[in-house]
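Please read the following points alongside the sequence and the coordinates.

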Amino acid sequence: MANRNLKIKIVVSLALLVLTVSLLAGCQGIFYIPGASYGYYIWEEDGTIFVEWSVDRKDTKFSGKITTDGEISSYNLKEWEEDSDIIRTGEKEIIFSSTLDGEDYSDGFNFIPEDYTYLEFDLKINNNYDELSRINVGGFLENPGDCVFRVEKGYFDSVRMKPWYQKRPFSEFFYKLFANKYFTFLYLFILGIIIIEILRITVIAGKDKKVLWIASLYIILAMAEVCIYFVLKFLTG
Amino acid sequence: MKHFFNNLGSAIASRDIFDNKAYFRRFYKYFLAGLLVRLIFIPFFFQRDLLSIYQRAAETVFAGDFSSSFEQMLMHIIHSAYLMFLKFVFPAINEISSILLEEDTWVSWIGFNSIYNVFTVITLFKIIYLIFDIACMFIILRLSFDGEPEKRLQVFKFWIFNPVVIFVLYIFARHDIIGVFATLAALLLAKKQKKYWAIVVLALAIALRFFPVMILPLFIFYLARTKKDYIILSVIGVSGLIALEIFSYFYYGRSLIFTLLNAQHFSYILSSKLELIIHDRIFIFVAAYIFIILSYFHTGNKNFDLLLNYGAIVYLAYIGLCYFHPQYVLWAVPFLVIIFVRNRQVMYYHWIQFALLMIILIYWGPLVTQFVLAPIDHRYFVYITGIIPIIERFYDSAAFVNIFRSIFTGVSLWMIYLIYKDNKRITGSGLDNKEVL
């Protein structure tokens with residue numbers, strides 16, 4: 001019975017861990033909830049560039065221009081309201097204007113650029129450039145540095161290739177742990193001591209050669225700290 | 001030396017636990033496990049209020065402004081003294097003085113979360129709460145079950161692993177534990193029938209945090225033996241507030257009590273009401289509170305366990321019937337953990353309360369939900385889609401949360417009923433030691 005309970009606890013804990021990590025890693029690919037998320041979401045799939053936007057059900061205008069040194073061969077609209085939303089396309093540019101509201105959760109379009117070296121985006125929210133990093137290019141919080149920004153060919157692949165630990169929030173978390181290493185290692189050491197102490201009065205209490213066990217655990221703790229140092233060093237690049 | 005450690009062990013764990021090796025080992029195991037859980041959460045989470053109270057303390061410590069916190073004067077003094085101590089022991093804390101002194105709350109919050117050593121600072125800021133929490137652990141196991149070390153250990157365990165305690169102190173990072181500590185000290189003195197000291201310490205608790213005033217009448221009815229006692233204990237009970245009132249009147253030139261009465265927080269007590277006609281209305285909590293107090297007053301056998309039960313009833317009634325902040329739930333916990341030993345059902349409902357609290361939390365907005373995780377990566381948790389907009393996408397978020405809020409109230413009222421039944425047992429044929437499963 002006790003074993004069964006333990007197994008259930010382990011399974012539930014693992015499920016929660018997986019859920020938490022997958023929620024935190026919501027930045028993988030580009031994910032947004034129409035009518036809840038706020039901002040532009042731009043990504044590439046099989047050579048097609050997707051540009052979509054969403055807002056939390058408030059009247060908001062999204063407008064802008066995309067230009068390229070190549071050619072725009074075709075485009076498709078997504079949830080476009082013909083009476084209020086405007087799109088004009090040329091060989092090298094797309095100009096759009098769209099309004100979202102309490103009923104209209106998100107709009108967007110996609111296009112296929114050919115023979116290009118860059119795409120230039122000039123995107124506005126409510127006729128203003130967004131200073132709050134709500135333009136996500138290739139991934140969540142992959143924000144452009146400037147109001148008008150260029151994306152080189154291959155950019156989306158490079159974002160896609162980024163390993164999980166270089167994506168937020170992990171990258172920032174590991175950075176803070178490593179930048180503040182004296183605290184991190186002292187903190188981990190204290191946690192380790194407490195765990196060893198719990199083991200000493202439970203698992204080890206009934207064993208022979210207690211001192212040897214405890215000494216071994218402290219050696220493992222020291223080795224774990226060294227490993228964590230190198231792992232953090234690697235993760236933070 | 002051995003004698004010293006024996007005395008120390010008895011002082012910490014109580015004699016009946018310390019003298020039995022098996023019990024003491026369990027006590028130590030619970031303590032270590034509880035400490036581990038607390039330390040895991042300490043560096044990574046906080047709610048904006050933690051920064052606010054240290055910002056006010058910084059105005060005193062770094063800028064010499066003693067009037068930066070008027071409403072929570074004693075709490076401010078404690079945090080200022082602690083920040084002064086941190087400044088003395090860790091001079092590096094000066095590096096964040098500009099962030100703490102920044103007047104724009106948003107800029108200071110972003111600045112604080114951005115610093116590379118934010119985990120260290122949060123840990124240092126929260127250590128004081130850990131100290132008070134540990135002190136509470138050791139007091140709480142002495143409040144009941146004299147000569148029953150097994151049950152005392154259970155009380156200790158229920159506090160150590162209580163989700164509300166861990167959440168409020170180490171994730172939410174609120175300072176209520178300081179007031180709770182003073183209240184528990186007052187309870188311990190009351191148990192030992194040191195009536196004047198008990199009321200003096202309770203008066204201090206009231207001055208620290210207004211909440212213990214709710215159990216002041218219970219204390220007076222429990223401790224008073226003569227009519228003179230009622231008068232003296234009542235006067236001492238409010239003396240802490242009166243002292244603060246006099247001080248604030250002369251130092252700040254304004255009334256503390258009227259400021260508190262006119263504050264938004266006081267209106268929470270009056271938040272649930274029955275509108276009758278014209279201007280006539282009944283404040284539900286006030287009516288319920290008077291009912292509870294009268295019920296206690298007219299109970300014949302006022303033993304100490306009954307006082308604890310009524311403390312739980314008062315605070316459960318408050319969070320059940322009034323608008324509240326998550327940390328207010330903490331005030332019920334010291335009383336509940338003792339009741340859990342006699343009635344496990346109450347504990348299971350308390351866990352349900354906690355789960356519901358996590359849902360109700362949503363309605364206080366991002367400040368108490370995703371922003372609590374901001375030290376890990378503030379940009380990520382600021383820009384991640386909030387829970388309210390997601391709910392709003394499908395359903396009215398206020399209605400959604402209030403459904404759970406209503407369930408929370410229902411559960412709290414049921415817990416009050418269970419405690420009321422427990423009252424009958426502990427006043428009827430003395431303390432019944434059988435557990436109700």
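1. In chain A, strand E8 (residues 118-125) is paired with E10(A) through five bridges, in the antiparallel sense. Pairing here requires that DSSP find at least two bridges between two strands; strands (E, at least two residues) and helices (H or I, at least four) are DSSP runs, numbered from the N terminus. Within this pair, A:Leu119 lies opposite A:Val151 of E10(A).

2. The model is predicted: local features need pLDDT of at least 70 and side-chain atom pairs count only at pLDDT 80 or more, whereas totals for chains, interfaces and linings use all residues. Residues are numbered from 1 along each chain as its sequence is written, and chains are lettered from A and ligands numbered from 1 in the order in which they are written.

3. E8 and E10 belong to an open, antiparallel sheet of five strands in chain A, ordered E5-E6-E3-E8-E10. Its edges are strand E5 (86-89) and strand E10 (148-152), each of which pairs on one side only. On average, neighbouring strands are turned by 15° against each other, direction ignored.

4. In chain B, the axes of helix H18 (residues 304-321) and helix H23 (residues 397-428) come within 9 Å and cross at roughly 165°. Axes are lines fitted to C-alpha atoms, for helices over the stretch in contact, and angles run from 0 to 180 degrees between N-to-C directions. H18(B) and H23(B) are therefore roughly antiparallel (an angle over 145 degrees).

Terms used. Angles under 35 degrees count as roughly parallel, over 145 as roughly antiparallel, 65 to 115 as roughly perpendicular and the rest as oblique.
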